[in-house]
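Me: I would like to learn how to read strands and sheets in a model, one feature at a time. Could you take me through an example?

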Protein chains: 2
Amino acid sequence: MANEAPHGQGSEEPAPAPELKNRHPRDIAEEMRDLPLARVRDILRKLPDALAAEVISELPQDVQVRLFESMQVSRLSGIVGEMFSDDVADVLGHVSSARLREIMSGMPAEEARQISDLLKYPEDTAGGIMQTEVISVSEHLSIAEALEILRREEEDLPNGIFYIYVTDSERRLRGVLRVRDLLFRPSNLKIRDIMVPEVRAVSVHADQEETARLFRAYGFSAIPVVDDFQRLRGVVTADDALDIVEEEATEDMQRMVGLSGEETAETPWIQSVRNRLPWLYVNLATAFLAGWVVSLFETTIAKYAVLAIFLPIIAGQGGNAGTQTLTIIVRSIALGDIPETHHRSILMKEILVGLLNGLAIGLVVGGISWLWRNDLILGVIAFAAMALNMVAAGIAGVLIPFGLKALRIDPALASAIMLTTVTDVVGFFLLLGLAALVLSYFPSAL
Amino acid sequence: MANEAPHGQGSEEPAPAPELKNRHPRDIAEEMRDLPLARVRDILRKLPDALAAEVISELPQDVQVRLFESMQVSRLSGIVGEMFSDDVADVLGHVSSARLREIMSGMPAEEARQISDLLKYPEDTAGGIMQTEVISVSEHLSIAEALEILRREEEDLPNGIFYIYVTDSERRLRGVLRVRDLLFRPSNLKIRDIMVPEVRAVSVHADQEETARLFRAYGFSAIPVVDDFQRLRGVVTADDALDIVEEEATEDMQRMVGLSGEETAETPWIQSVRNRLPWLYVNLATAFLAGWVVSLFETTIAKYAVLAIFLPIIAGQGGNAGTQTLTIIVRSIALGDIPETHHRSILMKEILVGLLNGLAIGLVVGGISWLWRNDLILGVIAFAAMALNMVAAGIAGVLIPFGLKALRIDPALASAIMLTTVTDVVGFFLLLGLAALVLSYFPSAL
């Protein structure tokens, strides 16, 4: 969280165990990473609530959950009080419901309400990622009165605060204050008169990817989150967006090749098998489809085994070229860089690129096969199949993601698997079909 | 930039052409995207310098460069004065040197110095992405004196400012101030006494990816940038990090499949061909390697064409499984999630996962081929080749990126191409080799 930054830059906590003094919570958490849970609890026991809260926030979520399941509720509620509400909610979303009730009942009513609010929102919405710690003052106050309130609430002021929002009597968002106005404008002015009235807010229901796009597009440092009644409910900060952007990029990369999107190098093997096997079976079905195409030409291959050599070359090249196109399109869609109106021109471009690369690669493939096997007709067949398959690859690389998007499906989803299916099937048909055709007319040709 | 946010939330510029009033610069830029350059210049002419500066900052870089090349220097220097130094430097890095001198000479000396400073640093370093607009006060001042200075400099204060840094008489970075201390501590205190002395800064030479990782790891909102003498030179904000993270993710995705990393759906076709063709030729070489393996068994295939059907199945499945592993490893490395000490256990895990998935998939492949061709031995061969190739895929998926990293090469670089080469070659050797072996012992077996 942005608000942890100054803590990160020198915390004001009472001094903990000496070896942990002046250490950033993240670094402490980093070293706990391989320790058994019991040992982690021992270390946390030595830390004051506030520091323990920060350290816990930096631990992997599964560890946080196990801690929340196993720590004493009394200590836990002390720590929870120091954590950001969004972090708490993320963990509580995964503890047993019995434990959840225990912990919630140990909390101050107001905080419990905030948390259960957050638990209402799916994790991938603005409501799910926002923090409820947000500073707001009434538009009716004077600068002096507002400062007085802020001073009284200093303890709750997130560190490194950079936006103070303005609300009306219904807590509806009315504007935003700039610190420099608070600092430098005559203190008898009314908040209403110094606030910036246009505030771009997002709904609690807004998709997290959409929210992150706002940061990227407008370079905000924070975006206020409002409920259906325009009431200020929380704030999302630029570094929350940072996590989202990384999550989403990881998801796109993984989904293209048939992965859940949440797997990491450290995911337990059993889970990895469960994640990957389903899509491998899907891929298997498509592979048999390609194999079936080959089987149609079994007699041709029997007569002319050299064709088998070129199967992987034609198909592989097509697959690689198509994946290049696919990767660019999927990523551009994810970054919101493709206006609807450009779809057609992009398709045309990729056809052209596929044709040019196809000719360039096809000539080499044809040439080599001609010289290698000293067989001109084989060379011509290989050239044609290669060039045409690269065009097909370009078309598939554009149409698959655009098609998925049109169907409101994630354009990345298993798209690489679909693409290679196309390039395999088309490639095999072209190579073997052309060969069979030639053989049928000139049985002695090859 | 974080600092544009409040502008984005209601600019205080003199009112521009009515239809552009209350429009966010980003939105204006969005609509210019398809207009001819001349028309863009017309629109910009209608805008006050400050707004024009923001709009230009939102345009695609190539358009910015063409504008800088073609606009009147007099107007340009007015606009440049309103742009963030890092944005200006990004553009000036691409204009003709003659034009660069013209523009620089039109600038106030101090600004020209800052810009040429930035031009010194490679675009992918902290120095290259930092903005030089950074607020700092001397540690020797009192809060009152500091506020007085800030008030005088109000005009230059970036909006949405959230960190004020503290420097000594040599402009060396000494600490950071929190706004709430300026607001609420007794104004006779010395800056030295209220500043947070521990500040995490990065060197101007720091790699941008490393810098972004700091934001991710510690959740800072801004990180000060210092030169080799610890002098404060600029600041990088969390939303700069946002752009970096997206760039890097795009790069990883693209490089895996042999792309430059900078291509988008809108890249001109000629450039796309230039970007992609080289790696396609590399892939072609590897494809012929695979083809050559097949050619070693040409006689076997001639005798037994059905093997050709299973070539794409065995190879394709291996390639897909390996790409799953590869994608996870490459991404985890990029996010810095893999400690050296875990390499071995990760390799072991992927071997296990490969074996289990291999058995699961192999049984189906073997079973189908047995029933389809009513040939048990074929089934056994297909099963063995499939299972073993999936293990090889797991091993390659881990060793290729780790190997590239050990060689200080980007772990993503063309890794998917290398991986499919391994799975093709190994898969073909296994299937055809096993078949040839069986045939050599039991000529009538298949």
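Me: Is strand 6 of chain A buried or exposed, and why?

Reply: Buried means under 20% relative accessible area, exposed over 50%, and partly exposed in between, with a 1.4 Å probe and protein chains only. In this predicted model, where local features need pLDDT of at least 70, side-chain atom pairs count only at pLDDT 80 or more and totals for chains, interfaces and linings use all residues, side-chain values use heavy atoms, leaving out hydrogens and water. Residues are numbered from 1 along each chain as its sequence is written, while chains are lettered from A and ligands numbered from 1 in the order in which they are written. Strand 6 (residues 232-237) of chain A has six of its six residues buried, so the rest of the structure largely encloses it.

Me: Which strand pairs with strand 6 of chain A, and in what sense?

Reply: Strands are DSSP runs of E with at least two residues, and helices are runs of H or I with at least four, numbered from the N terminus; two strands pair if DSSP finds at least two bridges between them. Strand 5 (residues 222-226) of chain A pairs with strand 6 of chain A in the antiparallel sense over five bridges, and Val225(A) has Gly234(A) as its bridge partner. These two strands form a hairpin with five residues between them, and Gln230(A) in the turn has a positive phi of about 65°.

Me: In what order do the strands of the sheet stand?

Reply: The open sheet has three strands in the order 4-5-6 (chain A), with mixed pairing. Strand 4 (202-203) and strand 6 of chain A are at the edges, each with a single partner strand, so one side of each has no neighbour in the sheet. Strand 4 of chain A pairs with strand 5 of chain A in the parallel sense over two bridges, and Val202(A) stands opposite Val225(A).
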